Amino acid sequence: MPVDHKDYVEPDNWLSIQELKRTLGVFCRLGIEKIRFTGGEPLLRRNFLGMVSEVSGLQQLRDVSLSTNGTQLKRYAVGLRQSGIQRLNVSLDTLDQEKLKRIVHRDVLDVVVDGLMEAKRVGFELIKINSVLNDETTSSDIDRLVGFCAEHGFVLRLIEPMPMGKTGRIHFGLTAQNEKTRLKATHALIDDIVPGAGPAQYLRSADGKIRVGFITPISQHFCEACNRLRLGADGTLYPCLGQNDSSNLRDILRSGGTDEDLENEILSVVNRKPERHHFVEDQSKIIRIMAATGG
Ligand SMILES: C[S@@+](CC[C@H](N)C(=O)[O-])C[C@H]1O[C@@H](n2cnc3c(N)ncnc32)[C@H](O)[C@@H]1O
């Protein structure tokens, strides 16, 4: 969360576990097969494991994953496996302790690394490390992350900052495209085509120990392939991270709406998915913070 952010949605407005399960059941009947819990920080939600257990039991689901800042991972890793989380993405922008402290405003490097080791120990496979490039990111930060991920079998993803709220608006640092070219040369990486891998474009080493994905919503957007919908904790459904449009499913749920009403609203949002975002052309338009919609 941005440091000065106070305007969060009060828990009374959040969907209960049963409301969420009902809503996600409707999504599944419409063909959704993959769900990712993100945020905000999912592991701060009370009874998060109970929520995951309920949701992961939905019949049509074949993939349930979690994005987390990793600070609670050591405590929750076993429970996450047991409740049905299959894959983990963990945020770690740098392995430089002081730099990380400046970015997240807390001294969490050791805690996050401990959490990652615990997640690996309890059997999570294909753990992805999400690193957002920022003005302080250097090639040496990235090389350290590449080495760390290769050593522990994690997949590194380098993410271009998107202009959300006050963050990601001005970025003078190194670019994902330049880093891609550099890493290809310095680490002898080759293109890795992974069907169905989502928005990241991957490189890998010949022995497969290094895998680095590049998520480039700004320099090379992937809107034409975006099939994602984002459901806020309060039941707001967003067709696009980069547009202000949304619908409120909570009102339907709490005013006696039927599953068909939910279905119709969801389909209307799908139909309103815009052709593409306009982060670059019109930065003034994006008023939401990332914590409202999830990354
Ligand atoms: C918004 S976070 C939410 C989940 C969880 N708290 C976490 O830290 O992963 C999900 C992902 O979005 C990334 N992210 C946050 N702000 C971003 C921005 N402005 N542009 C691009 N990615 C961003 C985070 O680094 C993280 O990898």
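**Legends to close-up views**

View 1. The model is predicted: local features require pLDDT of at least 70 and side-chain atom pairs count only at pLDDT 80 or more, while totals for chains, interfaces and linings use all residues. Residues are numbered from 1 along each chain as its sequence is written. Helices (H or I, at least four residues) and strands (E, at least two) are DSSP runs, numbered from the N terminus. Two strands are said to pair if DSSP finds at least two bridges between them. Strand 10 (residues 236–238) is antiparallel to strand 11, and two bridges pair them. These strands belong to an open sheet of three strands, in the order 9-10-11 with antiparallel pairing. Strand 9 (230–231) and strand 11 (247–248) are the edge strands, each with a single partner strand, so one side of each has no neighbour in the sheet.

**View 2. The protein as a whole has ten helices and eleven strands.** Taken along the principal axes, the C-alpha atoms fill a box of roughly 60 × 45 × 40 Å. The radius of gyration is taken over C-alpha atoms, and the globule rule is 2.2 Å times the number of residues to the power 0.38. For 295 residues a compact globule would have a radius of gyration near 19 Å, and the value for the protein, 19 Å, agrees. A residue is buried if 20 or more other C-beta atoms lie within 10 Å of its own, exposed if 12 or fewer, and partly exposed in between, with C-beta atoms placed from the backbone. By this count, 29% of the 295 residues are buried. Two residues are in contact if their C-beta atoms, placed from the backbone, lie within 7 Å. Of the contacts between residues at least 6 apart in sequence, 67% join residues at least 24 apart.

**View 3. Strands 1 and 2 pair in the parallel sense, as do strands 2 and 3.** Four bridges hold the pairing of strand 1 (residues 34–37) with strand 2 (residues 63–68). Lys34 has Asp63 in strand 2 as its bridge partner. Between these strands the chain passes through helix 2 (residues 48–56), and the β-α-β crossover is right-handed. A crossover is right-handed if, with the strands pointing away from the viewer, the path from the first strand over the helix to the second runs clockwise. Strand 2 also pairs over four bridges with strand 3 (residues 87–91), where Arg87 stands opposite Ser65. A right-handed β-α-β unit is made by strand 2, helix 3 (residues 73–83) and strand 3.

**View 4. Strand 7 runs antiparallel to strand 6 and to strand 8.** Three bridges join strand 6 (residues 190–192) to strand 7 (residues 201–204). The bridge partner of Asp191 in strand 7 is Leu203. Strands 7 and 8 are joined by four bridges, and Arg204 stands opposite Arg211 in strand 8. The two strands form a hairpin with six residues between them, and Gly208 in its turn has a positive phi of about 80°.

**View 5. Phe214 and Ile215 are found in strand 8.** Strand 8 spans residues 211–215. Phe214 is buried because 22 other C-beta atoms lie within 10 Å. Not counting residues up to four places away in sequence, Phe214 touches Leu158, Ala176, Lys180, Ala200 and Gln201. Ile215 is buried as well, with 22 C-beta neighbours inside 10 Å. Leaving aside neighbours within four places in sequence, Ile215 is in contact with Arg157, Ile159, Glu160, Pro199 and Ala200. From Ile215 to Gln201 the C-alpha distance is 6.7 Å, for a separation of 14 residues in sequence. Phe214 and Asp245 are 31 residues apart in sequence, and their C-alpha atoms are 27 Å apart.

**View 6. The largest nonpolar core has 53 residues.** A nonpolar core is a set of buried Ala, Val, Leu, Ile, Met, Phe, Trp, Tyr and Cys residues joined through C-beta atoms within 7 Å. The members that touch the most other members are Val90, Ile129, Val146, Cys149, Leu156, Leu158 and Val212. At least three residues of this core come from each of domain 1 (1–15 + 232–273 + 288–295) and domain 2 (127–228). Leu156 touches Ile129, Ser131, Leu145, Val146, Cys149 and Val212, again not counting residues up to four places away in sequence.

**View 7. Five residues of domain 1 are in contact with five residues of domain 2.** Domain bounds come from an automatic or database domain assignment. Taken over C-alpha atoms, the centres of domain 1 and domain 2 are 29 Å apart.
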